[in-house]
Amino acid sequence: MTQVIESGAYQRDDGLWVFPREEFIRERFRVKPGNHVVFGGPSQNGKTSLAFDLLEVVATEECPAYIAVSKPRDPVTQKRGMELNFRFVNDWPPPGDVKQFFRRDKPRGFIVWPEFGDLDTDVIRSREITRRLIEDRYAAGVKNKKGILVLDDTYVKAKVLKLDREMTTIHAMAGAMGLGAWTFVQKPTGAGETPIMAYGACEWAFLFSDPDKRSRQRYDEIGGLDPNYVSAKVMTLEKYQCLALQRTGRRMCIVDKS
Ligand SMILES: Nc1ncnc2c1ncn2[C@@H]1O[C@H](COP(=O)(O)OP(=O)(O)OP(=O)(O)O)[C@@H](O)[C@H]1O
Ligand SMILES: [Mg+2]
């Protein structure tokens, strides 16, 4: 029988707990600087929305979020970035005196959003700006600066912007130096090495319902969990719900849509 507790959390018949989003974030989502996080699921399932809900709590002046946007329009990023008072910039390093820029009021997050609109130059410009952001944060990490590098739409970054090497380097090295990478996997096949590294290196994975068997096979890379079990559970999720897996302690629960 379904068990419900006061906060609205409930246990499903299969034993998995479903937590209201706010409660999960407040009580259960713990990350240390340098922890990597992966969001897996097809387009329009709520990956970016969940990432902003989490950033609202974990991005701080000492450990800011750097959100690299790679598409011309993303209403969720626009709206949530404004709500969280993150700073929108279209180049990196931000134009003007860099030291001055960082010295002024320190935001908890930067939305790095290159300009789009010219088919001939969009890819090159977007690639260069995103590459500079990754390299700059990597160099800052070597000097012990903390941060969260949010690589939204990882497929575009890996395949269209050809930044697979840069992103896999971050996954391999950055955790040890306090730079966490948040990776978004719409479809892991044909997206370079980054999704494999991301699943293999993550402290947290948030998996949304995915009808593609090949995508689900990638859960194998997470390690320490039975991929068939994970795959079967993902298939039972409602829209905007996700399965949350934490490597430390091998914990698993469902984060509700609200
Ligand atoms: N928990 C939720 N409840 C209701 N609506 C939601 C929820 N999460 C996301 N949405 C809505 O679903 C749409 C897609 O959300 P979002 O952009 O976060 O998805 P996504 O997985 O990042 O998509 P893409 O892969 O295309 O970037 C948006 O209109 C958003 O407002
Ligand atoms: Mg998105």
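This is a predicted model: local features need pLDDT of at least 70, side-chain atom pairs count only at pLDDT 80 or more; totals for chains, interfaces and linings use all residues.
**View 1. The residues around ligand 1.** The shell of ligand 1 holds 14 residues, of which Ser43, Lys47, Ser49, Gln186 and Lys257 come nearest. Sorted by class, this shell consists of seven polar, five charged and two nonpolar residues. Helix α2, spanning residues 47-58, contributes the most to the shell, with three residues.

**View 2. Polar contacts of ligand 1.** Gln186 places a polar side-chain atom 2.6 Å from an oxygen atom of ligand 1. In the side chain of Lys47, an N or O atom is 2.7 Å from an oxygen atom of the ligand. Gln44 takes part through its backbone, where a polar atom is 2.8 Å from an oxygen atom of ligand 1. The protein buries 74% of the 630 Å² that ligand 1 exposes when taken alone.

**View 3. The pocket that holds ligand 1.** Ligand 1 takes up the space of the second largest pocket. The space in this pocket amounts to about 330 Å³. Its lining is formed by 19 residues, and those closest to the pocket centre are Gln44, Gly46, Thr48, Ser49 and Val76.

**View 4. Make-up of the pocket lining.** Eight charged, seven polar and four nonpolar residues line the second largest pocket. Helices α2 and α3, the latter covering residues 75-83, each provide at least two of the lining residues. The largest share belongs to α2, which supplies three residues.

Note on methods: Residues are numbered from 1 along each chain as its sequence is written. Chains are lettered from A and ligands numbered from 1 in the order in which they are written. Side-chain values use heavy atoms; hydrogens and water are left out. A residue is near a molecule or strand if one of its heavy atoms lies within 4 Å of it. A polar contact is a pair of N or O atoms within 3.5 Å; within protein, one must be able to donate a hydrogen and the other to accept it, and residues adjacent in sequence count only if both atoms are side-chain atoms. Accessible areas come from the Shrake-Rupley method with a 1.4 Å probe; for residues, only the protein chains shown count as cover. On a 1 Å grid over the protein atoms alone, a cavity is a set of points where a 1.4 Å probe fits but cannot get out, and a pocket is an open set with protein on both sides within 12 Å along at least five of seven lines; lining residues have an atom within 4 Å of a point. A molecule sits in a cavity or pocket if more than half of its atoms lie within 2 Å of its grid points. Helices (H or I, at least four residues) and strands (E, at least two) are DSSP runs, numbered from the N terminus. Ala, Val, Leu, Ile, Met, Phe, Trp, Tyr, Cys and Pro count as nonpolar, Asp, Glu, Lys and Arg as charged, and the others, Gly among them, as polar. Grid points are joined across faces, edges and corners, and a volume is the space filled by probe spheres set on the points.
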